[in-house]
Amino acid sequence: KAKTFRTWLEYLESVGRLAVIGKKVGLEFELAAVAKKLDGKKAVYFTQVEEYTVPVVSGICSTREDFAEALDTDPYGIIPKFTKAVDSPVPCRHVEREQAPVKENIIRENIDLMKLFPIPVHHEKDSGNYITAGLFIVRDPVTRKQNVSIHRLQVSGKDKLGALLLPRHTFHLYKQAEEEGRPLECAIVIGVDPVTLLASQASTPFGVDELEIASALRGEPLEVVRCETVDIDVPAYAEIVLEGKILPHVREPEGPFGEFPKYYGPRSDKEVVQITAVTHRNHPIFYTIVPAGYEHLLLGGIPREASLFQSIRQTVPTVKAVHMSPGGTCRYHAIVSIKKRNEGEGKNAIFAALANSFDIKHVVVVDEEVDIFNMEEVEWAIATRFQAERDLVVIHGAQGSKLDPSTDNGVGSKMGLDCTVPLNSEPMRYLRIRIPGYDEIHLEDYIS
Ligand code: FMN
């Protein structure tokens with residue numbers, strides 16, 4: 001069901017999880033507002049966006065269950081499956097242009113992105129229309145390995161985009177090219193299956209191609225096809241591909257833009273992508289991610305959890321599960337459950353979590369019987385098992401997220417709460433009250 005963007009939409013429709021909106025919606029705010037109302041509930045398919053013939057989809061995976069289903073597992077199976085795929089990528093399979101639906105239409109001249117596609121304006125103070133769900137693919141000229149990530153893209157002209165490239169892999173390859181005075185070729189892929197979408201967010205060592213992680217997750221090689229004007233391979237069943245190059249020594253204003261922490265990222269001079277060709281399927285479907293919605297948060301959160309779990313396991317082998325909670329933007333808050341065997345391990349888990357990613361700001365460690373995906377349970381553990389004097393860890397002046405407005409340009413404090421029960425405590429003291437037989441009671445048997 002999750003083989004392509006379209007098969008996934010068909011599946012969602014067949015199980016009643018696709019809201020089809022026939023009413024005409026505006027590109028500015030209205031589309032994003034309706035999609036946001038359905039966030040965490042249903043995917044949405046807008047058939048009529050202003051006068052465009054191209055429909056728009058959003059929210060293809062906005063719950064943990066959605067991602068689990070796309071990956072053919074349950075919510076607790078996501079992290080092990082993702083970790084395994086990151087550890088053992090599978091090469092993609094090249095297909096000819098004739099076998100690639102994304103080549104059904106090829107545009108090389110007079111490209112006007114806003115005429116071609118309904119690219120929305122999402123938030124009040126956004127600087128304009130933004131592509132938020134494009135898989136941004138570049139290639140390392142030395143190893144020939146590709147790198148995939150998502151970058152917000154401001155429509156800055158008919159065939160020009162402004163990009164935010166934080167200092168990670170894409171940025172690194174771009175700087176290398178720029179130092180040699182050449183542009184960096186890229187492809188922006190819109191509308192892929194949810195598994196490939198999730199794979200794009202894997203935090204891997206430099207040199208790993210996220211499309212190969214997608215192949216591993218899918219259990220079969222992803223089919224890819226070479227671009228028309230750049231030396232990049234893209235998923236053959238994508239809805240839309242924009243080919244182009246990031247220009248060397250060019251920076252233009254981009255932003256502000258409403259970001260994942262629910263604040264605006266500032267306007268500044270950023271890299272510019274010149275589009276060289278557009279290819280798309282017949283009757284293409286445009287796809288947008290409403291920033292800071294569950295889809296956006298989970299896409300970043302799930303791969304982070306996989307990496308966090310591995311980091312903690314090195315120090316505390318009995319770590320049971322980790323959760324980057326949506327209230328903490330799926331970036332800043334980590335909830336960790338462990339089976340404590342030695343006193344002090346709760347604190348070790350805090351250190352390991354804070355060392356995993358500079359984004360992690362607050363860590364809560366609980367015993368394994370606390371359901372870390374239920375935030376009321378987590379709060380209960382803080383309320384009844386935590387004493388600040390004994391269980392609190394605070395570190396000042398560490399690097400954090402620059403998008404957290406409470407930091408001083410990223411520099412701020414870290415905090416860990418060890419809510420594990422002392423190993424030597426008297427057994428009744430922390431025994432959770434329980435009504436025998438509760439789980440076996442079905443109310444239907446009692447209420448007619
Ligand atoms: N990262 C950026 O650097 N700039 C962005 O504008 C940006 N926008 C994102 C939008 C969405 C919807 C999502 C899910 C992620 C976004 N990210 C952005 C995060 C990167 O795509 C992600 O960290 C990726 O794993 C980086 O890959 P790399 O380390 O291989 O370059």
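This is a predicted model: local features need pLDDT of at least 70, side-chain atom pairs count only at pLDDT 80 or more; totals for chains, interfaces and linings use all residues.
Figure 1. Phenylalanine 46 stands opposite valine 56, a residue of β3. Strands β2 (residues 43-46) and β3 (residues 56-58) run antiparallel and are joined by three bridges.

Figure 2. The strands follow the order β1-β2-β3-β18, and their pairing is mixed. The edges are formed by β1 (18-21) and β18 (286-287); each has a single partner strand, so one side of each is left without a neighbour in the sheet. Helix α2 (residues 30-37) lies across β1, β2 and β3, and runs at about 150° to β2.

**Figure 3. Surroundings of phenylalanine 117.** Phenylalanine 117 belongs to the loop between α5 (113-116) and β6 (130-131). Its relative accessibility is 2%, and phenylalanine 117 therefore counts as buried. Leaving aside residues up to four places away in sequence, phenylalanine 117 touches Tyr52, Val54, Ile240, Leu242, Val278, His280, Pro284 and Phe286. Threonine 132 is 15 residues apart from phenylalanine 117 in sequence, with a C-alpha to C-alpha separation of 13 Å.

**Figure 4. The largest pocket and its lining.** The largest pocket holds about 1600 Å³ of space. Two or more lining residues come from each of β8 (146-150), α6 (169-179), β17 (268-280) and α9 (294-315). Helix α9 gives the largest share, five residues. In total, 50 residues line the largest pocket, and Leu166, Arg168, Phe260, Arg304 and Asp359 are those nearest its centre. By class, the lining comprises 18 nonpolar, 20 polar and twelve charged residues.

Definitions and conventions: Residues are numbered from 1 along each chain as its sequence is written. Side-chain values use heavy atoms; hydrogens and water are left out. Helices (H or I, at least four residues) and strands (E, at least two) are DSSP runs, numbered from the N terminus. Buried means under 20% relative accessible area, exposed over 50%, partly exposed in between (1.4 Å probe, protein chains only). Contact means heavy atoms within 4.5 Å. Two strands pair if DSSP finds at least two bridges between them. Axes are lines fitted to C-alpha atoms, for helices over the stretch in contact, and angles run from 0 to 180 degrees between N-to-C directions. On a 1 Å grid over the protein atoms alone, a cavity is a set of points where a 1.4 Å probe fits but cannot get out, and a pocket is an open set with protein on both sides within 12 Å along at least five of seven lines; lining residues have an atom within 4 Å of a point. Grid points are joined across faces, edges and corners, and a volume is the space filled by probe spheres set on the points. Ala, Val, Leu, Ile, Met, Phe, Trp, Tyr, Cys and Pro count as nonpolar, Asp, Glu, Lys and Arg as charged, and the others, Gly among them, as polar.
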